[in-house]
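Please read the points below with the structure open beside you. They take up helix packing, then the chains.

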Amino acid sequence: MSKGVDVNLENVWIKFGDFVAVRDANVDIKGGEFFSFLGPSGCGKTTILRAVSGFLEPSDGTVRIGGKDMAGIGPNKRPTALIFQNLALFPLMKVWENITFSLEVKGVSKADRRKRADELLDMIALPDQGDKLPSELSGGQKQRVAIARALCAEPDVLLLDEPLSALDLKLRQHMRTELREIQQRVGITFIYITHDQGEALTMSDNVAVMRAGVVDQIANGHSIYNDPATPFVASFVGENNVFRGKIKSIEGEMALINTNRSGELLARIATAARGKLKVGDPAMMFIRPEACNIAADTAPAPNRLTAMVKHEEFEGQIYNVFLEGAEGKEIKMSLVNIGQHRQSAEGDNLTLEYVPDQAVVLPVGELASE
Amino acid sequence: MTVTRIMSNYFNRNGFGLGIFLLVAVVFWVVILIVLPQISMLDFSFRHHLPPPEMGGPKDTYTLEHYKYLVLGAPGADTSYNVVDLTVFARTLLAAFFVTILDLILCYPLAYYLGQSRGGGMTRILVLLLIIPYWINEILRAFAFRIIFGDSGVINEVMLAMGLISDPIDFIRANVALYAGLGYAYILLMIFPIYNVIESLDRNQIEAARDMGAPWWRIHWRVVIPYAKPGISSGCTMVFMLSAGALAAPQILGGPSSLWFTQIIYQWFNTGGNWPRGAAFAIVLLVTCIVIVLSLMRLFKVRIGDIGK
Ligand SMILES: Nc1ncnc2c1ncn2[C@@H]1O[C@H](COP(=O)(O)OP(=O)(O)OP(=O)(O)O)[C@@H](O)[C@H]1O
Ligand SMILES: [Mg+2]
């Protein structure tokens, strides 16, 4: 198979009438990379993908595939293959005909097509299922057929539009691993769309987080999670406790925030915000539930706060503890289940503690709605 | 599963009042409007042509006389087959077939456009425009066509004025007017079934095919047409049956040399006054049409059950 090629979006705008679906997107995707677009429903993910596959011309800006400007090149002429949100298998063609449709278009003989279909069916672990109709397959099997059909065209770039969203949790987790393996085997560029952060973080080399048509951050999963660029990313990816306040002092990478309700707290200034925050600026501070712990030492400190336990949820590997801080401030803490019965009880007054390096400060911005 | 069980289930589901109404309506429809008339026609077609006083008398026996007449002609005629009637019969079927194909070619692109274009308002207006001409009486429409296609009709006038032709073309004699009129009369019956299926075709399938490099004709050949097949075949069935059985359009628009088989049937019933012969001819037409439709459906692998979809 051909090696993956670069995909670049340069100042891409996509408008539907007056409505701006994508606003000035600049995204560089390296060849052979597993790249994800992550964002809530309606933020323009599918729209971007359609611009890459050629079903949509950007209103402004350039889409490059393999360095080549794609303006005016139709979807049937681009080196991309798209896996649709609803798969769009051809219901009246047998599985093997579905898989090799792209070869049929090229005029490959039936015998050769059948042979190729059998190879691909082996690859997706569905041998001897070629003569079935798509309606006779299970959800996960259809999924795999759609992947095989796209790969059969030997694209340089595979585009996947939330292909796992219709599957149940177990199968979804299994298919994640499988997709990642397939990508590493064929070595082509995968562009993957999802609103599920778990999928984006586990599979991708790099993730672009989108908010209402704007790309907020492009980075690897680790940075997205630990070093968000905007309050939206911080609150959309994973869970976060948000504290609003003003910057009291800055020392190197660290800032002391005078929060509205929880006293003075210490946190690290996010990389994207370095140099943009001054003392006295309003700011938002984020502490992950799993970054919190019950402090043994209850003496006041800029990385400690007190709160009362409201209730607790047991999720198996973790306990979620919901607390109420000063002035009714809600705080969530996740504790790893280490086999003890419970680590807190309703009504307990606790002192929480966190590693200041794991809390981040950002300029005030829009949060992801729940 | 006994009959009483089925009946009690049925009444439980629909309630007694509605249940009785549905039952009576369906039985009335099927028996009085469909089965009885056809049976009495069938019965008629096997009887002698007798003056009314002798009907039901000793001479009123079953006979194949009228069917024989259609194939062999009058006893003692010059030819050994009824060449005139058989030719008309064959030509009628062929012409109906031609009209069907014409309508299919015209309607498929239109139905595809209507079914796949997402614009709500625009589509609805287009469909409405298609329906409006059908508010006009069939005979009026036929005469309108006759006027348009006449020697001094709009078409000839325009072509003469543009210098494309030097003498008016006789569209009526060449049967152009007839085909146009018939084709036009049944266009909706072709469009709607196809439109209905195509509307339910997932757009993504068309895009997927395009994404895999298929040119437009292959997308239609491999994706859209197979999917629309039930609609296409029900449209074709209706247009074929109705064209073959049309009477007004051939009467008004047909050229002098082209008799439609229904006109012969009409003559036997009406001016000829020979109802049994007319009935026999009608039965032959009906059965032949059904056989043709069923064998075409078999050829194109459409099941009857699919058509209702
Ligand atoms: N053809 C169109 N005409 C007008 N607006 C459109 C069109 N396609 C998409 N939009 C709008 O653009 C926005 C982005 O749509 P898009 O399909 O890209 O969302 P998405 O991120 O893929 O969402 P989801 O996760 O629900 O699939 C939406 O607000 C949608 O209403
Ligand atoms: Mg989408």
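1. Helices are DSSP runs of H or I with at least four residues, strands are runs of E with at least two, and both are numbered from the N terminus.

2. This is a predicted model, in which local features need pLDDT of at least 70, side-chain atom pairs count only at pLDDT 80 or more, and totals for chains, interfaces and linings use all residues. Residues are numbered from 1 along each chain as written, chains are lettered from A and ligands numbered from 1 in written order, and side-chain values use heavy atoms, without hydrogens and water.

3. Among the residues of α4(B) that meet α11(B) are Leu93(B), Phe97(B) and Asp103(B); contact means heavy atoms within 4.5 Å. By class, this contact has 14 nonpolar, four polar and one charged residues. Ala, Val, Leu, Ile, Met, Phe, Trp, Tyr, Cys and Pro count as nonpolar, Asp, Glu, Lys and Arg as charged, and the others, Gly among them, as polar.

4. Helix α9 (residues 187–199) of chain B also packs on α11(B), at about 160 degrees and with axes 8 Å apart. That angle makes α9(B) roughly antiparallel to α11(B). Their contact includes Pro193(B) of α9(B) and Gly231(B) of α11(B), and has 14 nonpolar, three polar and no charged residues.

5. Between the chains, 17 residues of chain B are in contact with 22 residues of chain A. The two chains bury about 1,800 Å², 57% of it on carbon and sulfur atoms; buried area is the accessible area (1.4 Å probe) that two parts lose on being put together, summed over both. In chain B, Asp211(B), Met212(B) and Arg222(B) lose the most area to chain A.

How values were computed. Axes are lines fitted to C-alpha atoms, for helices over the stretch in contact, and angles run from 0 to 180 degrees between N-to-C directions. Angles under 35 degrees count as roughly parallel, over 145 as roughly antiparallel, 65 to 115 as roughly perpendicular and the rest as oblique.
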